[in-house]
Amino acid sequence: MSTINFANREINFKIVYYGPGLSGKTTNLKWVYGRIPEGRKGEMVSLATEDERTLFFDFLPLDLGEVKGFRTRFHLYTVPGQVFYNASRKLILRGVDGIVFVADSAPNRLRANAESMRNMRENLAEYGLKVEDLPVVLQVNKRDLPDALPVEMVRAVVDPGGRFPVFEAVATEGRGVFETLKEVSRLVLARVGSGA
Amino acid sequence: MVEPSLVLYGDLYARALALLEETLRETGARYALLIDRKGFVLAHKEALWAPKPPPLDSLATLAAGNAAATQALAKLLGEARFQELVHQGERMGLYVDEAGEHALLLLVFDENAPLGKVKLYGKRAAEALARIAGEALAHPPKLNLDTQYREEAKAILDELLGN
């Protein structure tokens, strides 16, 4: 559910990048931060360990400016991917409007992708949400790996029903990063005023 | 439970602002914010004499995350909640209190504001704001945004992120 501030005429949306550890969630946000012009973005906040693994979350506010009289903003978050940070992941999902699931193309991360999706379903369920009820975009990242698995194989383990729009990406080079963000934003906006 | 949207509008918003302003006056704090548990700012006020505030989005996001983590810690220890949070540095401090189930009150204060006053008036304000938030949840205004809103937003996204 978006947060609407009628008095200030603002609409805020929360988009969360989810996925296994080291799949490239923070890299997505860093790329966006580096390419969005000043005035359209706020400060990027990263709560990370010394070796730059996300500890709690990364946060980046994105400002679309005024849309039909409403200042419209997307708040982008990442969750920590490592298995033992589940409490943090659950907290970040509170009030989520849309999700980017960042999957890893490496063969040895196939199981981690599946495990992360299962974990996301469980955590959403604690807020009374189902993946099927939310806008979700699947980003298959690290397509530049020499032994990258076929996209369909990655998809088969995280989205066997083939529901989510899929984007191939190399987040370190920015490939697929904006396309993914645009799609999830579009899906989130499509729900505005629809009563969803 | 699906997170409800906390929407302040009209009289409720004016009452929330008046409360924040009064709390600034009573406590001597610099900035007062009402935020939701997701980390979005619902209303804010700053003292007339206060310098430019820090980024409010970041402040609200971190405070909401911190409050959620603190609540999780309380549960681990078998407590329903640790209600208030105070951080005090050499010059600046932060007071966070629950304004009901869905909102938080944030006060940013400096060394000139006595902590006792901040806590006393902060708690009172949080209780009053909880009632306002409760009313807002009970009577949310209807958002009538049409396809034009979506089309305009999409055009801006195209411009910002490419076609």
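Predicted model: local features only at pLDDT ≥ 70, side-chain atom pairs only at ≥ 80, totals over all residues.
If you want a place to look, find D104(A), which stands opposite N141(A) in β7(A). To get from β6(A) to β7(A), the chain passes through α3(A), and this β-α-β crossover is right-handed.

So how covered is β6(A), which spans residues 98-104? Of its 7 residues, 7 are buried. That holds on both faces: G98(A), V100(A), V102(A) and D104(A) are buried on one side, and I99(A), F101(A) and A103(A) on the other.

Now step onto the crossover helix. α3 of chain A covers residues 110-125, and N119(A) sits in it. Is N119(A) buried or exposed? Its relative accessibility is 11%, and because the cut-off for buried is under 20%, N119(A) counts as buried. Beyond its neighbours within four places in sequence, N119(A) is in contact with Y18(A), N86(A) and R89(A).

What about the nonpolar packing? As a general matter, nonpolar side chains in soluble globular proteins tend to be buried together. In this model the largest nonpolar core has 37 residues, and V32(A), F74(A), L76(A) and Y149(B) touch the most other members. At least two residues of this core come from each of β2, α1 (25-35), β4 (54-67), β5 (70-78), β6 and α5 (177-190) of chain A, and from α4 (147-161) of chain B. Zoom in on L76(A): leaving out residues up to four places away in sequence, L76(A) touches I15(A), L29(A), V32(A), D58(A), F59(A), L60(A), L62(A) and L181(A).

Last stop, chain B. R30(B) is found in the loop between α1 (10-27) and β1 (31-36) of that chain. This arginine is at 15% relative accessibility, so R30(B) counts as buried. Which side chain does the R30(B) side chain make a polar contact with? That of D110(B), at 3.1 Å. Setting aside neighbours within four places in sequence, the contacts of R30(B) also include L24(B), K45(B), E46(B), W49(B), M92(B) and F109(B).

How values were computed. Residues numbered from 1 in each chain as written. Chains lettered and ligands numbered in written order. Heavy atoms only, no water. Helix = DSSP H or I, 4+ residues; strand = E, 2+ residues; numbered from the N terminus. Buried < 20%, exposed > 50% of the residue type's maximum accessible area, 1.4 Å probe, protein only. Contact = heavy atoms within 4.5 Å. Polar contact = N/O pair within 3.5 Å; in protein donor to acceptor, adjacent residues only side chain to side chain. Pairing = 2+ DSSP bridges. Right-handed = clockwise from strand over helix to strand, strands pointing away. Core = buried A, V, L, I, M, F, W, Y, C linked by side-chain atoms within 4.5 Å.
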